Amino acid sequence: MSQHHSAAGAPEGAPDDVTHAGSGAAPGTAAHDGAAAGSSVPGAAGPGSGRARPSGRRRGPIVLLGLLVPAVLVAAWFWSTAAGVFTPVQLPPPQDVFTAAIDLIERGQFFQHIGISTQRVLLGYAIGAILGLAVGALVGLSRLSDVLFAPTIGAFRAVTGLAWVPLLALWIGIGEDSKVTLVAIGAFFPVYTTVAAALRHVDAQLVEAGRAFGLGGVKLLLTVQLPAAMPSVVAGLRLALAQSWLFLVAAELLASSMGLGFLLIDSQNNGRTDRMILAIVLLAVLGKLCDSVFALVQKRVLDRWT
């Protein structure tokens, strides 16, 4: 009876997750007990208790299966253009799009378009994500901030990216700053929304357990609240990266002379459907590559924090 009471280390009837959370946050031997249970952060499982990862033998078929739909789409593209379903003006054949890519490479413009667009996306994403994390944490942790700012930010979230273009051109000008700002706006809202919602719904019992061990302020945020909200936070960051690519085309409407968005609009104005398709394909490929890289980072972060 006495052994059972000393092992529990919590009042009778307390939930198990609170007890384990306290073990993870407390100094001394209690931390070792929490580590033995596979929990190094409050309310979260250790890296060893994560989902089973696919083996190397299974990854190959999964990747090939993911390439099946793009292969079918390309085959349908070949067939529809060869059968005359679409005219070359409506939908040029794949070989014409490939030729357009070679032409841009020979002119030295292909990688310039890709490089400047990627730079705008990454810079705007970084600014928007940092602001989203800060404002989302403020709104998620403070009831007063939630009441003051959440309605206004929610209203601005409904404004489409194209609506910001003329205003940013008037306020900031048509240089790089306005383009990066528009991409940052696109990245801000997914991060803000997920961070605020995740921190607002952290289990109150975990927070109370952290406070019982003397945690407060930044220590409580980093030790208890942030690990509990980490899956949602990382998912919001990943969604914001995809949103940044969506806002890129609108950003490059601002008197651009380079970039994939410029290539898309300029090709439309000049009737170069082959280059239009090329720009769309490049946007899709680059967006998917960024998402795949972030997925690897997401897995590592969640293995460490959850």
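Mentor: A salt bridge here is a side-chain nitrogen of Lys or Arg within 4 Å of a carboxyl oxygen of Asp or Glu. K288 and D291 meet that cut-off, with their closest N and O atoms 3.9 Å apart. Keep in mind that this is a predicted model.

Trainee: Where do K288 and D291 sit relative to each other?

Mentor: Both are in helix α14, three residues apart, which is about one turn of the helix.

Trainee: How many salt bridges does a search of the whole structure find?

Mentor: The search gives nine. One of them joins the side chains of E176 and R120, at 2.6 Å from N to O. E176 belongs to helix α10 and R120 to helix α7 (residues 110-141), so this pair ties together parts that are 56 residues apart in sequence.

Trainee: Are those two buried or exposed?

Mentor: R120 counts as buried, at 4% relative accessibility. E176 is partly exposed, with a relative accessible area of 33%.

Trainee: What about R272, which residue does it form a salt bridge with?

Mentor: With D274, where the closest N and O atoms are 3.0 Å apart. R272 is partly exposed at 31% relative accessible area, while D274 is buried at 14%.

Trainee: Which residues are linked in a network of salt bridges?

Mentor: D103, R107 and R275 are. R275 lies in helix α14, which covers residues 273-305. Its relative accessible area is 11%, so R275 counts as buried. Leaving out residues up to four places away in sequence, R275 touches A100, D103, L104, R107, L263 and S267.

Trainee: Then what does the side chain of K179 reach?

Mentor: The backbone oxygen of I174, at 2.7 Å. K179 lies in helix α10, residues 176-200. Beyond four places in sequence, the residues it touches are R120, I174, A251, L254, A255 and S256.

Trainee: Change of topic. R238, where is it and what does it contact?

Mentor: R238 lies in helix α12, residues 217-251. Setting aside neighbours within four places in sequence, R238 is in contact with D291, F294, A295 and Q298. The side chains of R238 and Q298 are joined by a polar contact of 2.8 Å. D291, in that contact list, is the residue that forms a salt bridge with K288.

Trainee: How far apart are R238 and S292 in sequence and in space?

Mentor: They are 54 residues apart in sequence and 9.8 Å apart from C-alpha to C-alpha. R238 itself is partly exposed, with a relative accessible area of 26%.

Trainee: Now the surface. Which residues make the nonpolar patch?

Mentor: F98, I102, I105 and F111 make a nonpolar surface patch of about 420 Å². Helix α6 (residues 94-107) gives the most to it, with three residues. F98 is in helix α6 and is exposed, at 56% relative accessible area.

Trainee: And V97, buried or exposed?

Mentor: Buried, with a relative accessible area of 6%. V97 is also in helix α6. Apart from residues up to four places away in sequence, V97 touches W77, P92, D274, I277 and L278. D274 in that list is the partner of R272. The C-alpha atoms of V97 and M276 are separated by 8.8 Å, although the two residues are 179 apart along the chain.

Trainee: What does the whole protein look like in numbers?

Mentor: The secondary structure comes to 14 helices and zero strands. Buried residues make up 37% of the 306 residues. Among contacts with a separation of 6 or more, 71% join residues 24 or more positions apart. The accessible surface is about 17,600 Å², and 67% of that belongs to carbon and sulfur atoms.

Key
Residues numbered from 1 in each chain as written. Predicted model: local features only at pLDDT ≥ 70, side-chain atom pairs only at ≥ 80, totals over all residues. Heavy atoms only, no water. Patch = residues over 30% accessible without salt bridge, like charges linked within 9 Å, V, L, I, M, F, W, Y side chains within 5 Å. Areas by Shrake-Rupley, 256 points an atom, 1.4 Å probe, with all protein chains shown as cover. Helix = DSSP H or I, 4+ residues; strand = E, 2+ residues; numbered from the N terminus. Buried < 20%, exposed > 50% of the residue type's maximum accessible area, 1.4 Å probe, protein only. Polar contact = N/O pair within 3.5 Å; in protein donor to acceptor, adjacent residues only side chain to side chain. Contact = heavy atoms within 4.5 Å.
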